[in-house]
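Hi,

Here is the structure I promised to pass on. Have a look at it first, and then read my notes below.

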Amino acid sequence: FRRARVEVAVVEVGLGGRLDATNVLEPEISVVTTVSEDHLEILGPTLSDVAREKAGIFRRGEAALTAATGEGLVALVAEARRIERKFSRYRTGSVVHAIHAASGAPVDVDDETALLLDYAALCHEMSEGRFDITSGVLRRAWTFDGGRRVPDAGTLQALLAHVGWARVTWRRPTFVLPAGMEIDFGGIGKEYAADRVATILL
């Protein structure tokens, strides 16, 4: 596509969506039609599994279309927005904002937030530290605004001093994030939102 200088492309997912090769693209709009029993042997075994795989093509901040209508659509949108309000690092009043505002003081979290923190800890362990939700502070170096600016080594080194899951204290329901550090649920929050929407959809 790049060599051909394609300006607009309609790309069809081969199978499912979340793990399909086409999901490396960053779409301006994602479309999921109805969820059916096609390919249950691969995407299943349940319709919820199929819906979860298809919802994997959605991107935060980008348009999405679905065949859901009426009350079903209202419920889907409401749940997605609830999760965004609760876990976004950019919203005042979110759980993440409260943790950051605590400036190192202990914060008792609800069961839903605890679930995500447990999952974040598991991802960190399974990836041998490569997945780390405390990398939120790195947004100060990378703005992801379409520009080509690359942060210098000194800037990154200074920020990395505030990154590291080993530095936090997590014992349900109490979470302690050292002052100056930031968490970002983006890496797992999208999957969680897709799971919740799929549950309502089906």
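A quick word on naming before the tour: helices (H or I, at least four residues) and strands (E, at least two) are DSSP runs, numbered from the N terminus. Bear in mind that this is a predicted model, in which local features need pLDDT of at least 70 and side-chain atom pairs count only at pLDDT 80 or more, while totals for chains, interfaces and linings use all residues. Residues are numbered from 1 along each chain as its sequence is written, and side-chain values use heavy atoms, with hydrogens and water left out.

Glu128 sits in the loop between H5 and helix H6 (153–160), and its phi is positive, about 55°, although it is not a glycine. Its relative accessible area is 67%, so Glu128 counts as exposed (exposed is over 50%, buried under 20%, partly exposed in between, with a 1.4 Å probe and protein chains only). Ser103 is another non-glycine residue with a positive phi, near 50°; look for Ser103 in the loop between helix H4 (95–101) and strand E3 (107–108). There is also a cis peptide bond from Arg172 to Pro173, with omega near 0°. Pro173 lies in the loop that runs between strand E4 (169–171) and strand E5 (174–176).

Next, Glu112, which belongs to helix H5 (residues 111–126). Is Glu112 buried or exposed? Glu112 is buried, because its relative accessibility is 14%. Its side chain makes a polar contact of 2.6 Å with that of Lys86 (a pair of N or O atoms within 3.5 Å; within protein, one must be able to donate a hydrogen and the other to accept it, and residues adjacent in sequence count only if both atoms are side-chain atoms). Leaving out residues up to four places away in sequence, Glu112 touches Arg82, Lys86, Phe87 and Tyr192, where contact means heavy atoms within 4.5 Å.

Finally, the nonpolar cores (sets of buried Ala, Val, Leu, Ile, Met, Phe, Trp, Tyr and Cys residues joined through side-chain atoms within 4.5 Å). The largest one has 24 residues, and Leu117, Phe175, Ile183 and Phe185 have the most contacts inside it. At least two residues of this core come from each of helix H3 (70–87), H4, H5 and helix H7 (186–201), with H5 giving the most, five residues. Apart from this core lies another, of six residues, including Val137, Leu156, Leu159 and Val163.

Cheers
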